[in-house]
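Open the model in your viewer and keep the selection tool at hand.

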Amino acid sequence: MLYTVWIAICLTAVPAMECSKPTAVHWIAVPEQARSQSGCLSDGLRFAASSHLVTAGSYPKVFCMPGPNLAALQH
């Protein structure tokens, strides 16, 4: 099964349990899908770090959704 990887970049003032698309300062769809949940997490964190959107006072939260990469289909 493939997983679509989404990353929310939230401010540290936002508790991790509340970090989601509506509370994020950035919401990123990783262009390539991951082959496993563990791969989803590691790919998401690596992509977040390379995006340079995580700065002092913010943190990334990775979301893994099974199924087709709908973000890629929208482009």
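Which pattern do the disulfides of the chain follow, with bonded cysteines counted along the chain? The pattern is 1-2, 3-4. Keep in mind that this is a predicted model. A disulfide is a covalent bond between the sulfur atoms of two cysteines. The structure holds 2 disulfides, and each is a stop below.

**Stop one: C10 and C19**

Select C10 and C19 and show their side chains. A disulfide joins the two, with 2.1 Å from S to S. Turn the view until you look along the S-S bond. The angle about that bond is 90°, and the link of C10 and C19 is right-handed.

**Stop two: C40 and C64**

Next, select C40 and C64. These cysteines are also joined by a disulfide, and the S to S distance is 2.0 Å. The link of C40 and C64 is left-handed, with -105° about the S-S bond. Colour the model by secondary structure to see what the pair connects. C40 sits in helix 1, residues 37–51, while C64 belongs to strand 3, residues 58–66. The two cysteines are 24 residues apart, and their bond links distant parts of the chain.

Bring the surface back and look at each end of this link. Why does C40 count as buried? C40 is buried because its relative accessibility is 0%, and buried means under 20%. C64 has a relative accessible area of 29%, so C64 is partly exposed.

Technical notes: Residues numbered from 1 in each chain as written. Predicted model: local features only at pLDDT ≥ 70, side-chain atom pairs only at ≥ 80, totals over all residues. Heavy atoms only, no water. Disulfide = S-S within 2.5 Å. Helix = DSSP H or I, 4+ residues; strand = E, 2+ residues; numbered from the N terminus. Buried < 20%, exposed > 50% of the residue type's maximum accessible area, 1.4 Å probe, protein only.
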